[in-house]
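User: Please take a close look at one helix-to-helix packing in this model. I would like to know which residues meet there and what surrounds them.

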Amino acid sequence: MVGEVADEYGETWGDYEQDFCDDDEDAHPESYDSWANRLYQKHRQKERATSASDHGSNSTKKQKRNEVEEEEEKLKRERQKRFQENLEKEHEQYQNRIHLLRKKKSLVHVKTSYTSSCRALFSESESSHTIRLVDLPLLDPDNLENLHDVLLCDLDPSDSAARRRYLREQQVCWHPDKFAQKCAKRLLEKDRATILDHVKKISQQLNRAVQVEKGAT
């Protein structure tokens, strides 16, 4: 160890020159061992100072590295959260589109059946045929309740004039008095009261549908 210190002393002569060349007459002569020990202690102090400086520098670097890693992790979590939210939103939109398509398909099916029934009921070529309850459209209470949506499902939502005109035409067909004048003689007797009651319900729902359409414009 003394040899290492001595080598360092040779390399850093300026740091210890005053110690070696001190000619104070009052000072006691310093032995080689004492001189070497003092030099070693200064060397150790220098090493500790350097080590402390390196440790502080390393701690700062580590702290900055940790901060960067924490920020990157935070950004990663935020990206994952946005991705999940967008995924859920897209899935919800997809489900809504499917629901609307299925609903429209169902409404168009009911509208097609309604149109076919009306054609059979009010056609001149069918004027001699007896009308039974099962020949009337909209016997399903749900379809009757949704008459506005059923009748207008295939009409342009922006063409309010065409939609109102179509509803008025249906009002004329299903007005109880008009229906009775045209079809009363053809009603199956055992179904007569039930048929007329159902016609009245259709007429009432048509009146409501007209009001709904007026409110939408």
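Analyst: Arg-163, Arg-164, Leu-167, Gln-170, Gln-171 and Trp-174 of helix 6 meet Val-199, Ile-202, Ser-203, Leu-206, Asn-207, Ala-209, Val-210 and Glu-213 of helix 8. Contact here means heavy atoms within 4.5 Å, and helices are DSSP runs (H or I, at least four residues) numbered from the N terminus. The residues of this contact divide into seven nonpolar, four polar and three charged. In that division Ala, Val, Leu, Ile, Met, Phe, Trp, Tyr, Cys and Pro count as nonpolar, Asp, Glu, Lys and Arg as charged, and the others, Gly among them, as polar.

This is a predicted model, in which local features need pLDDT of at least 70, side-chain atom pairs count only at pLDDT 80 or more, and totals for chains, interfaces and linings use all residues. Residues are numbered from 1 along each chain as its sequence is written, and side-chain values use heavy atoms, with hydrogens and water left out.

Two packed helices are described by the angle between their axes and the distance between the axes. The axes of helix 6 (160–174) and helix 8 (192–216) come within 9 Å and cross at roughly 160°. Helix 6 is therefore roughly antiparallel to helix 8, a term for angles over 145 degrees. The axes are lines fitted to C-alpha atoms over the stretch in contact, with angles running from 0 to 180 degrees between N-to-C directions. The crossing is left-handed, meaning that the near helix is turned anticlockwise from the far one by less than a right angle.

As for helix 8 itself, its 25 residues should span 36 Å at 1.5 Å a residue, and its end C-alpha atoms are 36 Å apart, so the two agree. The expected span is 1.5 Å times one less than the number of residues.

The buried residues of helix 8 are Ile-195, His-198, Val-199, Ile-202, Ser-203, Gln-205, Leu-206, Ala-209, Val-210 and Glu-213. Buried means under 20% relative accessible area, with a 1.4 Å probe and protein chains only. Their cover includes helix 4 (141–145), helix 5 (147–152), helix 6 and helix 7.

Asp-191 counts as buried because its relative accessibility is 12%. Apart from neighbours within four places in sequence, Asp-191 is in contact with Arg-132 and Leu-133.

Helix 5, one of the covering elements, contains Val-150. Val-150 is buried, with a relative accessible area of 1%. Beyond four places in sequence, Val-150 is in contact with Leu-107, Val-110, Lys-111 and Asn-143.

Terms used:
Helix = DSSP H or I, 4+ residues; strand = E, 2+ residues; numbered from the N terminus. Buried < 20%, exposed > 50% of the residue type's maximum accessible area, 1.4 Å probe, protein only. Parallel < 35°, antiparallel > 145°, perpendicular 65-115°, else oblique.
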